[in-house]
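Here is a short briefing for a first look. Start with the sequence and the structure, then read the points by topic.

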Amino acid sequence: MTEFFTEVPEPIRYAGPDSDDPLKFRWYDADRMVGDRTMAEHLRIAVCYWHSFSWPGNDVFGDGGFDRPWLDPALEPMAAARTKMAAAFEFFEKLGAPFFCFHDHDIAPEGTTFAEESANLEAMVEEAAAHMERTGVRLLWGTARLFWHPRYMAGAATNPNPEVFARAAAQVRNCLEATHRLGGANYVLWGGREGYDTLLNTDVGRELDQLGRFLTLVVEHKHAIGFDGTILIEPKPQEPVKHQYDHDSQTVHAFLQRYGLDGEVKVNIEVNHATLSGHDFAHEVAVAAAAGIFGSVDANRGDDRLGWDTDQFPNSVDQMALGVYEILRAGGFTTGGFNFDTKLRRQSIDRTDLFHGHIGGIDTLARSLLVAQAMLADGALADLRSARYGGWDGDLGRAIMAGERSLADLHRLVAGNEVDPAPRSGRQEALENVVNRYIERVR
Ligand code: XUL
Ligand code: CO
């Protein structure tokens, strides 16, 4: 078999925080126990197929310059897809990533007819199954590319034309079955075009009903074929369209409740999508966990000064530790994991740059995990938090929440001077210092 990553002859190993070797992990020690799970079990790292293997490095102003021989346009499309897959699995294995994620058209050429598209996908799914069997790499999630082809320019499920809805449904049926065949742990729907460019031509009420119907069909089919993975929606507020209906976790939760799908569908939270919707990553995790819809994470971050989705590798322990802390508070991942939906910068043209990006990102998550687990185990933040809400465990708090006090009852209590609340410090600065101490000391 041709080797593509010749500058990395051996799998990436753990060498400890004092190592200066750029092709070793400094923090990610897959089998190290952190609380009751290994690091690998906690983080469930996945590499994404699209940005890492299908993207030549182009942007809206120019062509790509990445060194990716499998993307040579002179190659026959199915032969190119097989070569790309061999390169991808060599990378997954050498990186030591236990999972990968794909869109249907990342692994199989789109073709010119639906029959060709379906046959290509079927063939490449069998090819993937063989690679997975050989390497032990598993599928975190599959997803259908419902935003690329011009037929989807006005949306897939939310298209004004029901024939486009039908075409999208057929594509999702294929991709959900492919994900099921490959033992995927989840199936993702990202609604990049489910929204609008202008309200002047848009019927929001209809489109939301269509989206609810579409998702119901997906859930029904999941049960019909016995897929036991989780269906995930990936919230994003905008880009490519001006407004997307899956704006953030709280919006998605309301949508799921409205269409009777809570309990069936969870969220895949992307770090930079959180930023784009005006939230912190940790906020999105906390809100999803509180609603019982936390599922999985795309770990890529944005840039503080750019208002679009730069999909950069995570490199801030300050940011990620707070998100991982919320994940651990919620009990950790079940079917989800950390997918690297990450893009190299356009000038990082060498194949080895893919290793540098992933190694740094995985180390950032590993270190964040150690910080989060230590804070959790010590009750460093929890003690103050539970003291802060202590009143709700007392007589008054319990009676209010049990529905045993009316507005008039509470008025009587206050008018009779039986309660006279005094403000207490929220200790934000002290808590921020606690977090910094854990970040400084973790080993
Ligand atoms: C787009 C995005 C997608 C989804 C899968 O912003 O994040 O790559 O993760 O379609
Ligand atoms: Co994503």
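How far does a polar side-chain atom of D309 lie from an oxygen atom of ligand 1? The distance is 3.0 Å, within the limit for a polar contact (a pair of N or O atoms within 3.5 Å; within protein, one must be able to donate a hydrogen and the other to accept it, and residues adjacent in sequence count only if both atoms are side-chain atoms). Taken alone, ligand 1 exposes 290 Å², and the protein buries 94% of that. Such areas come from the Shrake-Rupley method with a 1.4 Å probe; for residues, only the protein chains shown count as cover.

This is a predicted model, in which local features need pLDDT of at least 70, side-chain atom pairs count only at pLDDT 80 or more, and totals for chains, interfaces and linings use all residues. Residues are numbered from 1 along each chain as its sequence is written, chains are lettered from A and ligands numbered from 1 in the order in which they are written, and side-chain values use heavy atoms, with hydrogens and water left out.

**Around ligand 1**

- The surrounding residues are W50, H103, W141, W190, E234, K236, E270, H273, D298, D309 and D341. Each has a heavy atom within 4 Å of the ligand.
- This shell divides into three nonpolar, two polar and six charged residues. Ala, Val, Leu, Ile, Met, Phe, Trp, Tyr, Cys and Pro count as nonpolar, Asp, Glu, Lys and Arg as charged, and the others, Gly among them, as polar.
- E234 has a side-chain N or O atom 2.6 Å from an oxygen atom of ligand 1.
- For W50, the corresponding distance to an oxygen atom of ligand 1 is 3.2 Å.

**Salt bridges**

- The structure holds 17 salt bridges. The term means a side-chain nitrogen of Lys or Arg within 4 Å of a carboxyl oxygen of Asp or Glu.
- E127 pairs with R82, with the closest N and O atoms 3.0 Å apart. E127 lies in helix α5 (residues 114–135) and R82 in helix α3 (residues 77–95), so the pair ties together parts 45 residues apart in sequence. Helices are DSSP runs (H or I, at least four residues), numbered from the N terminus.
- R134 and E93 also meet in a salt bridge, at 3.8 Å from N to O. R134 is in α5 and E93 in α3, so this pair ties together parts 41 residues apart in sequence.
- R258 meets D209 at 3.7 Å, N to O. The two are 49 residues apart, with R258 in helix α8 (residues 249–258) and D209 in helix α7 (residues 204–225).
- R258 counts as exposed because its relative accessible area is 53%. D209, at 41%, counts as partly exposed. The cut-offs are under 20% for buried and over 50% for exposed, with partly exposed in between (1.4 Å probe, protein chains only).
- E3, E90 and K94 are linked in a network of salt bridges.

**Surface patch**

- Y389, W392 and M401 make a nonpolar surface patch of about 380 Å². Patch residues have over 30% relative accessible area and no salt bridge; like charges are joined within 9 Å, nonpolar side chains (Val, Leu, Ile, Met, Phe, Trp, Tyr) within 5 Å.
- M401 sits in helix α14 (residues 395–401). M401 is exposed because its relative accessibility is 63%.

**Ends of helix α15**

- S406 caps the N-terminal end of α15 (residues 407–415), with a side-chain oxygen 3.3 Å from the backbone nitrogen of A408.
- N417 follows α15 and has a positive phi, near 60°.
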